[in-house]
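Reader: I would like to go through this structure term by term. Please set each value against its definition.

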Amino acid sequence: MKQIVLENRRRVVLALGALPLARLAGAADIELQRTGGPYVPTPQVVVDEMLRMAKVDSDDFVVDLGSGDGLIVLRAAQRLNTGGFGVDIDPDLVALSNGEAIKRGVADRATFHVRDVFKADISMATVVTLYLLPGMMSDLRSKIFGELRPGTRVVSHDYHFGDDWRPDDQYTWDVPEKEKVNGVPRATIYLWIIPAKVAGRWQLRIATPAAEQYDLTLRQSYQSLEGTVAGGGAKGVRLSQSRLQGEDISFAFPAGGDRHRFKGRVSGNTMEGTVELANGKGVARWSATRTKV
């Protein structure tokens, strides 16, 4: 592995050395944009924490974007009996990873491919892992949000998607062995849970004898949710206690001097669940259908 990494770095250095000095910095920037950064191995303790934080089990399919030596997918397959694959643009590292999968006896469920991370089909993933520089993380944000199913867990080592899409959870701890690699003896793991797409207008019904109906308008920025409701004498009343995690949704709005409190699940253009009715009037079923995106 070390020899392969050294040869890769040597090839990059030689290629840059052939350029005029005025183009050297620009070429280095292009290389970083293309690759997401130089190959840096992830310590075993960090790999294990990423898998733990994502709650990976045998029902999961793990996709590692920028898989390097393949350790994350290999570890998940060998230890947790998952399926999955990794993609990397370095053919030597991909060959190394596939060879290691054969050695470990997991090649039937752990494979690696020479592929651009932006062109990889990630739709089958239930867990996506990342160790890429901030620029690449930002560039991947729309792909991650747009192509993954609600509830998919995304875990990243050290770098996040920026302030627009804050993680659902994160954890920082001391990892002394990292200091030899990048001079920083700590690691941070970030976790995101892909939220359902709920923005738009909805017609909401509460299954009470009065058959209450409301027009619900939801606005979404990743897992952040806000909106208004009209009906039942209310017009443009703001929602409160709004929360969206994967396909789980909750919110509340004023009713009869108190609040209706909703919990439910999103499935495409429909939602349903239970509502604690205002003023202690019990619990009822509710459902909603999207009428406009």
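Author: Start with pairing: two strands pair if DSSP finds at least two bridges between them. Helices (H or I, at least four residues) and strands (E, at least two) are DSSP runs, numbered from the N terminus. The model is predicted: local features need pLDDT of at least 70, side-chain atom pairs count only at pLDDT 80 or more, and totals for chains, interfaces and linings use all residues. Residues are numbered from 1 along each chain as its sequence is written, and side-chain values use heavy atoms, with hydrogens and water left out.

Reader: What is the order of the strands in the open sheet?

Author: The order is S3-S2-S1-S4-S5-S7-S6, seven strands with mixed pairing. S3 (110-114) and S6 are the edge strands, since each pairs on one side only. Neighbouring strands are turned by 15° against each other on average, direction ignored.

Reader: How do you know that S2 and S3 pair?

Author: Five bridges join S2 (residues 83-88) to S3. The definition asks for at least two. The two strands therefore pair, and they run parallel. Asp88 has Val114 of S3 as its bridge partner.

Reader: Which strands does helix H5 touch?

Author: H5 (residues 91-104) packs on the sheet and touches S2 and S3. Contact means heavy atoms within 4.5 Å. The direction of H5 makes about 165° with that of S3; axes are lines fitted to C-alpha atoms, for helices over the stretch in contact, and angles run from 0 to 180 degrees between N-to-C directions.

Reader: Why is Ser67 called buried?

Author: Its relative accessible area is 6%. Buried means under 20%, exposed over 50%, partly exposed in between (1.4 Å probe, protein chains only). Ser67 is therefore buried. Ser67 sits in the loop between S1 (61-65) and H4. Leaving aside residues up to four places away in sequence, Ser67 touches Gly86, Val87, Asp88 and Phe112.

Reader: What makes H3 largely enclosed by the rest of the structure?

Author: Seven of the 10 residues of H3 are buried, so the helix is largely enclosed. Among them are Val46, Leu51 and Met53. The buried residues pack against H4 (71-80), S4 (127-130), S5 (153-157), S6 (169-174) and S7. Just after H3, Lys55 takes a positive phi of about 55°.

Reader: How do the residues lining the second largest pocket divide?

Author: Four are nonpolar, two polar and five charged. Ala, Val, Leu, Ile, Met, Phe, Trp, Tyr, Cys and Pro count as nonpolar, Asp, Glu, Lys and Arg as charged, and the others, Gly among them, as polar. The lining includes Met53, Lys55, Asp168 and Gln245. A pocket is an open set of points on a 1 Å grid over the protein atoms alone where a 1.4 Å probe fits, with protein on both sides within 12 Å along at least five of seven lines; lining residues have an atom within 4 Å of a point.
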